[in-house]
Amino acid sequence: MFDVHGFEMTVFKLLIGVILIVLHLRLTGKQQTTQMTPIDFIGNFILGGIIGGVIYNHAISFVEYVSFLLVTFAIISGLNYATSKFMPTRSLVMGKAISIIEDGRFTEDVLTSEDNKIDPVELLAELRGMGIFSLSEVHFLQREANGSLTVRKKGEGRVNYVLVSNGQAVADNLELAHRDEDWLRGELKQAGIGELDDLFLVELDAAGQLNIVDQEGQTTSVRISDSNAQEVTTVTEFQAPQERSATLEDVIPEDARADAAESDG
């Protein structure tokens, strides 16, 4: 016999679960897939398991069901807060960006590191999807922590880096910008800026300026002292055949090379 009461309770639990998830997304401001962190994705699987497993289990009371959901929301929010406030935790959970091409050259890390292996076929397919059909067009290419590609064609310049977030130096971005925390503190001190704890955001832009926002929202822009410095470690670059260095085969006629080989024999 159809259990009307059980059916109504199942629908009610499902409705409450959907409402709580929507409220959670609204409160956290993460309403698009691109805004979600790995923690959010894992949390969504857990929430789906709780809702799908509990709404049909009448042995679990409604209060316990809601409590499970609220505890899960609290754990997800707590972990996201930790990743936003503590940079080492963020790097561990979110991963970090990888520079693939700088100044038209493949970086050494991509070619030699076992941890940063790039699939050339997949990479070129992604570039074609962005309207880039030759690596020779690329000046700068970076795989972001969220998996997306940042590309600058030749003549378009470099990219910006967030060097300070919520009072903490972003070590991964400092490394990508070929700088370190001592350099950053020196630049801020030279500009008369206070400690990192007093800053909400520091951006190094493509023009060689530090755009500084303090915790009160005041913005200051200063030019860095070594804006023309280039410290890119590379192992290969794209060159047209006519631009490569001449070899003996290029300058010695073929007949002369044959005669020289016979005399050596």
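Me: Before we start, which ground rules apply to the numbers?
Reply: Residues are numbered from 1 along each chain as its sequence is written, and side-chain values use heavy atoms, with hydrogens and water left out. In this predicted model, totals for chains, interfaces and linings use all residues, while local features need pLDDT of at least 70 and side-chain atom pairs count only at pLDDT 80 or more.

Me: How many salt bridges does the structure hold?
Reply: The term covers a side-chain nitrogen of Lys or Arg within 4 Å of a carboxyl oxygen of Asp or Glu. By that cut-off, the count is four.

Me: How many residues apart in sequence are the parts that glutamate 126 and arginine 143 tie together?
Reply: Their side chains meet in a salt bridge at 2.7 Å, N to O. Glutamate 126 sits in helix 6 (residues 120-129) and arginine 143 in strand 3 (residues 138-143), so the parts they link are separated in sequence by 17 residues. Here helices (H or I, at least four residues) and strands (E, at least two) are DSSP runs, numbered from the N terminus. So the separation is 17 residues.

Me: Is arginine 143 buried or exposed?
Reply: Buried means under 20% relative accessible area, exposed over 50%, and partly exposed in between (1.4 Å probe, protein chains only). Glutamate 126, at 25%, is partly exposed. Arginine 143 has 15%, which makes it buried.

Me: Which helix gives the largest share of the lining of the largest pocket?
Reply: A pocket is an open set of points on a 1 Å grid over the protein atoms alone, where a 1.4 Å probe fits, with protein on both sides within 12 Å along at least five of seven lines; lining residues have an atom within 4 Å of a point. The volume is about 840 Å³, taken as the space filled by probe spheres set on the points, which are joined across faces, edges and corners. Among the 33 lining residues, those closest to the centre include Arg90 and Glu144. With five residues, the largest share comes from helix 4.
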